[in-house]
Structures are given as structure tokens and as C-alpha cells.
Amino acid sequence: MSNEGSKGSESSSEWANLTPDCLLEVFSKLTVDEMLDGPMQVCKPWSKSGNMAVYSAFDFGTRTAPLPASGEFDWDAMEEKMDALLQAFVDRSEGGLKSIKIKLCTDKSISYVADNCPDLVVLWLTSCPSVTDASILKIASNCKKLKEVCVRSSGGITW
């Protein structure tokens, strides 16, 4: 009996000693719901790696509903909300954010990304008229791993 117990302990410790890169590879195959229900509840190393996996991509640019054409839409309020959401996500990622796809943000949040996400690889901006050349230049200067930029309906940026 005692041999079986020690084998179980060895097996458990092997899982606990997986490297963060290995855990990230495994966790990248899970959905966000699976991540929150399982690995992030197990132990500190798994929780930390799970956070890194969950918070590596911010995708609110391809999943949101089309913007209304009428004048009833409160652009300023929505930009403020998206800025707050993106900044909170950046903080949770602890610098690990690699991909951003967003609608309706401003220079404020893009500058925040530039200051806090040096490993950013993908940036898609859609309907972001309050984003200007200033924050894009800051992204270009601070995010040396950037490989893909897509800008649509964002008239504050000149090329």
C-alpha cells in the first residue's frame, strides 16, 4: 500500500513541476470556460499559467455587433467603457497580452497597451476614430514583436 501511495505522490508532483511554457501549450487547447472551471482552480503554478493563457488575447473587434448608424449611439460612453475593459485586461495579463482586436477605443488605452505589453504581436483597430498617430507611434516604438496591424474605419490615423 505504501508503494502505491508514493507513486501517486510522485505523479502529482510531476504535474506540479510542469514548466510554464508546457502548461501554456496545454492550456491553449482549452476554451476560456474550461480554463476557469479547471486548471485555474488547481494550484498556484497552474493558476498563474492559466491566467497567462486566458489573458494573452483580447478579442472585442470581431465578436461585437455592428455599430448602429443612427445618431442615438453614445460613442463617448462606449469608448470609455472599452478603454476601461482593455486596461483591466492588460493589467490582468501582467504584460502577457499578445493580440488585441478591438472596436471603439481611444489613444488612452492604446498608449496604455504600448507602455505595458511589450510582447504584443497583433493589433486590429476597427471604428476607433479617437485613436491617433500618437498612440500608434508609441505602439511601434514600444512593441518590437508587432507583426500584424489592421486598421479599419479609424479616421484619426494617417498613413
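Reader: Which residues have the most contacts inside the largest nonpolar core?
Author: A nonpolar core is a set of buried Ala, Val, Leu, Ile, Met, Phe, Trp, Tyr and Cys residues joined through side-chain atoms within 4.5 Å. Buried means under 20% relative accessible area, exposed over 50%, and partly exposed in between, for a 1.4 Å probe and protein chains only. The largest such core has 24 residues, and those with the most contacts inside it are Leu-86, Ile-100 and Leu-125.

Reader: Which element gives the most residues to this core?
Author: Two or more residues each come from helix 5 (75-93), strand 2, helix 6, strand 3 and helix 7. Helices (H or I, at least four residues) and strands (E, at least two) are DSSP runs, numbered from the N terminus. With four residues, the element that gives the most is helix 5.

Reader: What pLDDT do side-chain atom pairs need in order to count?
Author: Residues are numbered from 1 along each chain as its sequence is written, and side-chain values use heavy atoms, with hydrogens and water left out. The model is predicted, and while totals for chains, interfaces and linings use all residues, local features need pLDDT of at least 70 and side-chain atom pairs count only at pLDDT 80 or more.

Reader: In what order do the elements of the chain run?
Author: The chain has seven helices and four strands. Of its 159 residues, 33% count as buried. From the N terminus on, the elements run α-α-α-α-β-α-β-α-β-α-β.

Reader: Which strands stand at the edges of the sheet?
Author: Four strands form an open sheet in the order 1-2-3-4 with parallel pairing, where two strands pair if DSSP finds at least two bridges between them. Each edge strand has a single partner strand, so one side of each is left without a neighbour in the sheet; these are strand 1 (57-60) and strand 4.

Reader: What angle does the direction of helix 5 make with that of strand 1?
Author: Strand 1 pairs with strand 2 in the parallel sense over four bridges, and Ala-57 stands opposite Ser-99 in strand 2. Helix 5 packs on the sheet, touching strand 1 and strand 2, and its direction makes with that of strand 1 an angle of about 160°.

Reader: What is the handedness of the crossover from strand 2 to strand 3?
Author: Strand 2 (residues 99-103) and strand 3 run parallel and are joined by five bridges, with Leu-125 as the bridge partner of Ile-102. A crossover is right-handed if, with the strands pointing away from the viewer, the path from the first strand over the helix to the second runs clockwise. The chain passes through helix 6 (residues 107-116), and this β-α-β crossover is right-handed.

Reader: Through which helix does the chain cross from strand 3 to strand 4?
Author: Strand 3 and strand 4 (residues 148-152) pair in the parallel sense over five bridges, and Leu-125 stands opposite Val-151. The right-handed β-α-β crossover from strand 3 to strand 4 passes through helix 7 (residues 133-142).

Reader: How far apart are the axes of helix 6 and helix 7?
Author: Axes are lines fitted to C-alpha atoms, for helices over the stretch in contact, and angles run from 0 to 180 degrees between N-to-C directions. Angles under 35 degrees count as roughly parallel, over 145 as roughly antiparallel, 65 to 115 as roughly perpendicular and the rest as oblique, and helix 6 and helix 7 are therefore roughly parallel to each other. They pack at an angle of about 10°, with an axis separation of 8 Å.

Reader: Which elements do the buried residues of helix 6 pack against?
Author: The axes of helix 5 and helix 6 come within 9 Å and cross at roughly 10°, which makes helix 5 roughly parallel to helix 6. In helix 6, Asp-107, Ser-109, Ile-110, Ser-111, Val-113 and Ala-114 are buried. The buried residues of helix 6 pack against helix 5, strand 2, strand 3 and helix 7.

How values were computed:
Contact = heavy atoms within 4.5 Å.
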